[in-house]
Amino acid sequence: MATGYYITARVSKFPLDYAVSSEEAQALLKHHQAVHPDATIEPMDSYFERSRAETLTLFPLSRITRRFYEAMLGVLPPQ
C-alpha cells in the first residue's frame with residue numbers, strides 16, 4: 001500500500017505535486033489552487049488505480065497481438 005498524496009488537476013496529464021502527510025497536502029493544495037482552481041488531493045493508491053483504468057481504456061487489450069507481445073519482450077531488460 002502506497003503512502004502519500006498527489007495534488008492533481010484535470011488540465012494536467014501528470015500530478016502537480018506530492019505530499020507525505022495530509023497536512024502537507026492541504027498546504028500544497030492551497031498553493032496550487034491559485035493557478036489550477038480544479039486542483040484536488042488524491043491518495044497515491046486511488047491515483048494509480050484511476051490512471052491505470054484510463055490507460056487501459058486508451059489501449060484495449062484486444063489490440064495486443066502475438067507479434068506485438070513478442071516485440072515488447074525484446075524491449076524489456078534481462079532479469
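Visitor: How much space lies in the largest pocket?

Guide: About 240 Å³. Keep in mind that this is a predicted model.

Visitor: Which residues sit closest to the centre of that pocket?

Guide: The largest pocket is lined by 13 residues. Closest to its centre are Lys13, Tyr47, Arg50, Ser51 and Glu54.

Visitor: Which element gives the largest share of the lining?

Guide: Helix α2, residues 44-58. This helix supplies 6 residues of the lining.

Visitor: How do the lining residues divide into nonpolar, polar and charged?

Guide: The lining holds 5 nonpolar residues, 4 polar ones and 4 charged ones.

Visitor: Which residue forms a salt bridge with Glu42?

Guide: Arg50 does. The closest N and O atoms of Glu42 and Arg50 are 3.0 Å apart.

Visitor: Is Glu42 buried or exposed?

Guide: Glu42 is buried, because its relative accessibility is 12% and the cut-off for buried is under 20%. Arg50 has 32% relative accessibility, so Arg50 counts as partly exposed.

Visitor: What is the salt-bridge distance between Arg50 and Glu54?

Guide: It is 2.9 Å, N to O. Both residues belong to helix α2, 4 residues apart, so about one helical turn separates them. Glu54 is partly exposed, at 41% relative accessible area.

Visitor: Which residues are linked in a network of salt bridges?

Guide: Glu42, Arg50 and Glu54. Arg50 pairs with Glu42 and also with Glu54. Recall that Arg50 and Glu54 are among the residues closest to the pocket centre.

Visitor: Where does Arg10 find its partner?

Guide: The side chain of Arg10 meets that of Asp38 in a salt bridge, 3.7 Å from N to O. Arg10 is in the loop between β1 (5-8) and β2 (17-19), while Asp38 is in the loop between α1 (22-33) and β3 (40-43). The pair therefore ties together parts that lie 28 residues apart in sequence.

Visitor: What is the relative accessible area of Arg10?

Guide: It is 76%, so Arg10 is exposed. Asp38 has 24% and is partly exposed.

Visitor: Now the surface. Which residues make the nonpolar patch?

Guide: Leu56, Leu61, Ile64, Phe68, Tyr69, Met72, Leu73, Val75 and Leu76. The patch covers about 860 Å².

Visitor: Which helix gives the largest share of the patch?

Guide: Helix α3, residues 66-73, with 4 residues. Phe68 is found in this helix.

Visitor: Why does Phe68 count as partly exposed?

Guide: Because its relative accessibility is 32%. The partly exposed class runs between the buried limit of 20% and the exposed limit of 50%.

Visitor: One last residue. Is Ala19 buried or exposed?

Guide: Ala19 is buried, at 0% relative accessibility. Ala19 lies in strand β2.

Visitor: What separates the C-alpha atoms of Ala19 and Thr3?

Guide: The separation is 9.3 Å. Along the chain, Ala19 and Thr3 are 16 residues apart.

Notes. Residues are numbered from 1 along each chain as its sequence is written. This is a predicted model: local features need pLDDT of at least 70, side-chain atom pairs count only at pLDDT 80 or more; totals for chains, interfaces and linings use all residues. Side-chain values use heavy atoms; hydrogens and water are left out. On a 1 Å grid over the protein atoms alone, a cavity is a set of points where a 1.4 Å probe fits but cannot get out, and a pocket is an open set with protein on both sides within 12 Å along at least five of seven lines; lining residues have an atom within 4 Å of a point. Grid points are joined across faces, edges and corners, and a volume is the space filled by probe spheres set on the points. Helices (H or I, at least four residues) and strands (E, at least two) are DSSP runs, numbered from the N terminus. Ala, Val, Leu, Ile, Met, Phe, Trp, Tyr, Cys and Pro count as nonpolar, Asp, Glu, Lys and Arg as charged, and the others, Gly among them, as polar. Patches are made of residues with over 30% relative accessible area and no salt bridge: like charges are joined within 9 Å, nonpolar side chains (Val, Leu, Ile, Met, Phe, Trp, Tyr) within 5 Å. Accessible areas come from the Shrake-Rupley method with a 1.4 Å probe; for residues, only the protein chains shown count as cover. A salt bridge is a side-chain nitrogen of Lys or Arg within 4 Å of a carboxyl oxygen of Asp or Glu. Buried means under 20% relative accessible area, exposed over 50%, partly exposed in between (1.4 Å probe, protein chains only).
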